[in-house]
2 protein chains.
Amino acid sequence: MTSRRVFLGASAAVFALLAGCATHAPPTDPLPSWNDGAARQSIVAFVGKVTREGTAGYVPPAERIAVFDNDGTLWSEQPVYVQLAFALDRVKALAPQHPEWQAQEPFASLLKGDLGGALAGGEQAIAQIIMATHAGTTTEEFATIVKDWLATARHPATGRPYTGMVYQPMLELLGYLRANGFKTFIVSGGGIEFMRPWTEQVYGIPPEQVVGSSVKTKYELRAGRPVLVRLPELNFIDDQAGKPVGIQQHIGRRPILAFGNSDGDFEMLEWATTGDGPRLGVIVHHDDAAREYVYDRKSHIGRLDRGLDEAGPRGWVLVSMKDDWRAIYPPATTLHATH
Amino acid sequence: MTSRRVFLGASAAVFALLAGCATHAPPTDPLPSWNDGAARQSIVAFVGKVTREGTAGYVPPAERIAVFDNDGTLWSEQPVYVQLAFALDRVKALAPQHPEWQAQEPFASLLKGDLGGALAGGEQAIAQIIMATHAGTTTEEFATIVKDWLATARHPATGRPYTGMVYQPMLELLGYLRANGFKTFIVSGGGIEFMRPWTEQVYGIPPEQVVGSSVKTKYELRAGRPVLVRLPELNFIDDQAGKPVGIQQHIGRRPILAFGNSDGDFEMLEWATTGDGPRLGVIVHHDDAAREYVYDRKSHIGRLDRGLDEAGPRGWVLVSMKDDWRAIYPPATTLHATH
């Protein structure tokens with residue numbers, strides 16, 4: 001190669017580098033699992049608006065806070081909340097250490113496989129199950145228990161690991177928002193320490209950006225080493241009107257974008273969408289009988305009633321899983337990457 | 001200019017760009033206010049160790065969590081905590097709306113300028129002052145009250161705005177850590193909502209990276225618009241053994257670097273420095289009579305007793321403000337930038 005050809009090549013390289021240190025590949029669609037309907041268009045238009053510097057709708061990156069419910073919004077919540085499936089398995093795992101449970105509700109019914117009988121005790125029964133299965137360990141032990149369970153537990157209908165029951169369009173959306181300077185948070189009624197061990201790997205959301213319900217913890221020394229012990233006492237319920245409270249406690253800013261799927265997210269959407277400047281509220285509507293589940297106004301899990309009535313008047317976007325989503329779950333071939 | 005000279009120039013430019021897309025200015029000291037003593041060397045060595053890829057001490061950026069106490073660590077806490085100065089001014093500002101305070105302790109003594117008399121009621125008196133001055137507003141109103149107060153209040157000894165009473169070496173350290181991939185958090189016994197309105201501008205620490213003490217809040221609609229109302233009820237005390245609890249609640253990871261100045265930070269340093277892998281605990285020692293204050297074992301504010309005894313055996317670094325810091329506060333000419 002002559003030195004002249006080297007220089008010519010170098011000159012072209014300089015030009016490319018000075019043009020922005022970037023290669024000019026054809027643009028790829030950041031949301032390939034979203035059909036080009038009204039929902040996608042509303043989201044893309046909103047992101048375009050808040051990122052356009054020098055315009056009235058511009059929002060600086062630091063204020064681009066996006067909050068997402070988890071159960072039913074980022075992953076499946078049917079036929080039962082994943083955390084309830086975890087708690088039930090955990091009761092079985094702990095039963096040998098608790099012979100008294102054989103004669104004590106709600107555990108006796110649970111251990112006989114009678115979920116209805118166990119839950120007949122209402123909120124108190126659920127609280128007993130949660131405390132028996134979510135307290136008494138250190139925070140580090142609990143994280144290990146959750147990870148170990150997720151590695152082997154399978155969804156009853158699909159046989160997938162639960163971390164394979166996340167919604168592919170939402171994974172794409174999280175990445176798209178972060179690529180546009182948003183900081184993405186989970187704000188869930190679920191247990192904060194049940195989510196943190198896996199949200200970074202699965203959603204790209206680190207533990208410090210997870211808000212959820214919690215039990216109290218206590219700092220103490222065990223054999224000279226400090227631990228945080230999970231106590232059988234509720235600390236915070238991050239649901240309904242608790243969601244704006246949890247958002248303020250953890251984030252300290254009002255989100256400009258909120259994504260939910262049930263009336264438990266109503267106040268979060270209301271809080272996010274009634275501040276100044278551009279705001280967007282979105283509700284995922286479970287209307288896909290063939291590929292997921294159909295439920296809304298009358299469901300015990302993820303009931304969506306008031307939100308369905310008020311989405312229109314409030315300008316919230318309804319996402320139809322059936323019509324707006326080209327795919328529901330990630331391809332099976334990618335699942336190994338989440339473990 | 002001949003085309004050959006253009007090509008030669010272009011070739012040099014390519015070389016520079018390929019060498020890392022960077023210009024080769026002489027390196028500037030990121031910590032100019034730190035003397036080159038043992039404290040600085042320990043910090044720089046630790047940062048070097050955890051950022052060196054491919055070595056045993058390497059820590060991925062996501063795990064580089066650094067936590068800082070605020071009062072006495074990032075800014076001055078003498079002659080009284082800034083938040084107490086705020087509360088006292090706020091009692092005076094609110095007194096016209098509370099004629100009953102003229103005859104009711106601790107307010108009556110306070111309004112006569114008798115701080116000792118007011119605080120004679122101990123913790124209950126302090127709680128009454130805090131609740132009277134920190135509750136009853138919305139979170140947004142409270143943020144405005146704090147910002148308005150900081151804009152006019154002045155430190156009694158220096159006449160500076162309180163945001164000018166931050167420690168210049170710590171500002172440099174926060175920037176140095178962030179430049180090395182650390183995420184910096186405040187973990188303070190002070191009120192979380194007293195700090196959030198200004199920590200981003202002053203420290204570069206956004207509201208979602210502030211952990212502190214809090215009152216409960218309640219979501220409600222006022223004239224159809226949602227607000228979060230601050231209630232006269234304690235939610236969380238982020239001090240002593242509460243600091244690891246607050247860290248887990250908000251961050252959900254164990255920090256690898258903790259900075260404090262008093263025994264209120266002891267458990268935070270213990271928690272941060274007893275995990276696996278490289279860990280660093282640092283205590284700022286107030287030993288500079290000429291430029292700041294001298295206090296440790298017997299101080300009512302920022303008492304440092306056990307920490308002073310155990311720093312050595314535990315391998316924690318003691319920073320002498322007198323010997324390790326070339327400057328204490330930012331130059332007066334830069335202060336306008338913080339408002």
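Predicted model: local features only at pLDDT ≥ 70, side-chain atom pairs only at ≥ 80, totals over all residues.
## Strand pairing in chain A

Strand E3(A) spans residues 210-222 and pairs with strand E2(A), residues 183-191. The sense is parallel, and the pairing runs over 3 bridges. One contact can be named on each side: Val187(A) has Val211(A) in E3(A) as its bridge partner.

E3(A) also pairs with strand E4(A), residues 225-236. Here the sense is antiparallel, over 8 bridges. Arg222(A) stands opposite Arg225(A) of E4(A).

## The hairpin turn

E3(A) and E4(A) form a hairpin. Between the two strands lie 2 residues. Ala223(A) sits in this turn, with a positive phi of about 50°.

In a regular strand, side chains alternate between the two faces of the sheet.

## Helix crossing in chain B

Helix H3(B) covers residues 82-94, and helix H6(B) covers residues 122-134. Their axes come within 9 Å and cross at roughly 60°. The crossing is left-handed.

## Residues at the crossing

H3(B) contributes Ala87(B), Arg90(B), Val91(B) and Leu94(B) to the contact. They meet Ile129(B), Ile130(B), Ala132(B) and Thr133(B) of H6(B). By class, the contact of H3(B) with H6(B) has 6 nonpolar, 1 polar and 1 charged residues. Arg90(B) counts as charged and Thr133(B) as polar.

Key
Residues numbered from 1 in each chain as written. Chains lettered and ligands numbered in written order. Pairing = 2+ DSSP bridges. Helix = DSSP H or I, 4+ residues; strand = E, 2+ residues; numbered from the N terminus. Axes fitted to C-alpha atoms, helices over the stretch in contact; angles between N-to-C directions. Left-handed = near helix turned anticlockwise from the far one by under 90°. Contact = placed C-beta atoms within 7 Å.
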